[in-house]
Structures are given as C-alpha cells and as structure tokens.
Amino acid sequence: FENNKNYVVFLDAKTPAFTGDKIHLGYKINYDTKKWYNDLNIFLEKTEKYFNSKIIIVPHPTVRQVRNVYYNKKFKVSKDIDASNKLIANSKFVISISATTAVSYCIIYNKPITFIYNNQMVKHNPIMFAEMNIMSKDLSTNMININNKFNKDSFNQIINKKKYNNYKYIFLT
C-alpha cells in the first residue's frame, strides 16, 4: 500500500473494543460496542465509494497485535509498528476518531485530516469529544458525526498551511 496512493488511512482509537485510559482513571464509559462498529463500518464503506479508494485501518499502537473482531473483514488492517508513518505519507487523506499523536504525521506530510465522532461519544465520553474538537480547531479541519448524513464535501481535502506550520512549531519542535 505504501506505493499505491489510492487509499485513505483511518486512525482508530483503543475504545470501545478495548479498555482505554479513561476507564482506568475511573470514568464510567458505557458504549454499545456492536452499534459503534456497525456505524463505523457503514461510514468507512461509504467513504470508500465516495473517493473510489480503499480504507486502511491503523489500530491504536497498544492494541495493534490484538484482532478486533468488529472490523468489517473487507478492510485492510495494518498492524506494523510504523504503520502510521509509512501509510500516511502516501495516503489521499486521513480520518481519525480521536485526538491522537499520530496526527503529527498528517502535519509532517501535509495530509488533510478529518475527525469523526458519533452520538455515543458525545453522550458517554465528552472528554474525548472535546479533545478532538480542540485539535480540529487548532488544525482548521472538519468533524463529521457518522450518525448523521454526510457526503464527499464533508471531508477535509485541503490543509491550512498556516495552522499546520503553527502546530509544527508548537508541538513538533
């Protein structure tokens, strides 16, 4: 996939399939895991069709070696330790469901990123939603609620170079 530029990278979070940090800190987060991944798989399938591109899922680094049974089997899942770095460099764009540090590769390689969320995140994990909202504003990117209607224009396809450079200066130097 590294040489084929007709793919979109999806950066997945640890939860809900696996226990996340906030649960260890005492937060009670009750997701409907099956619904979460059903909604996500439908969203990713539509995204493939809109952009005539393959989706490559990059799981959170702490769970890359564990099989996530909820992913649609048609999607490729990259479990390489350096998957984010290698795949983002040649991707069309990136989708993320969290304010992950892997976004730094989007900044480095000047790749557009779109953040996604769902109704469950807003209701059950407002901290995660707020973190992603802040990062989205810092980078001047779009956010899509996958439980609502969306189309190709909902995705961020250009970058704000000024915001990306500011992010580089503040967070990557």
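Predicted model: local features only at pLDDT ≥ 70, side-chain atom pairs only at ≥ 80, totals over all residues.
Trainee: At what angle do helix H6 and helix H7 pack?

Mentor: Two packed helices are described by the angle between their axes and the distance between the axes. For H6 (residues 126-139) and H7 (residues 161-171), the axes lie 8 Å apart. The angle at which these helices pack is about 115°.

Trainee: Within what arc do the buried residues of H3 fall, seen down the axis of the helix?

Mentor: In helix H3 (residues 83-90), the buried residues are Ala83, Ser84, Leu87 and Ile88. They line one face of the helix, because their directions, seen down the axis of H3, fall within an arc of 100°. Their cover includes strand S1 (7-11), strand S2 (54-58), strand S4 (94-96) and helix H4 (103-108).

Trainee: Is Ser91 buried or exposed?

Mentor: Ser91 is placed in the loop between H3 and S4. Its relative accessible area is 3%, and the cut-off for a buried residue is under 20%. Ser91 is therefore classed as buried.

Trainee: Which backbone oxygen does the side chain of Ser91 reach?

Mentor: Apart from neighbours within four places in sequence, Ser91 is in contact with Tyr7, Val9 and Lys111. The side chain of Ser91 also reaches a backbone oxygen at 3.0 Å. That oxygen belongs to Ile88.

Methods:
Residues numbered from 1 in each chain as written. Heavy atoms only, no water. Axes fitted to C-alpha atoms, helices over the stretch in contact; angles between N-to-C directions. Helix = DSSP H or I, 4+ residues; strand = E, 2+ residues; numbered from the N terminus. Buried < 20%, exposed > 50% of the residue type's maximum accessible area, 1.4 Å probe, protein only. Arc of directions from axis to C-beta. Contact = heavy atoms within 4.5 Å. Polar contact = N/O pair within 3.5 Å; in protein donor to acceptor, adjacent residues only side chain to side chain.
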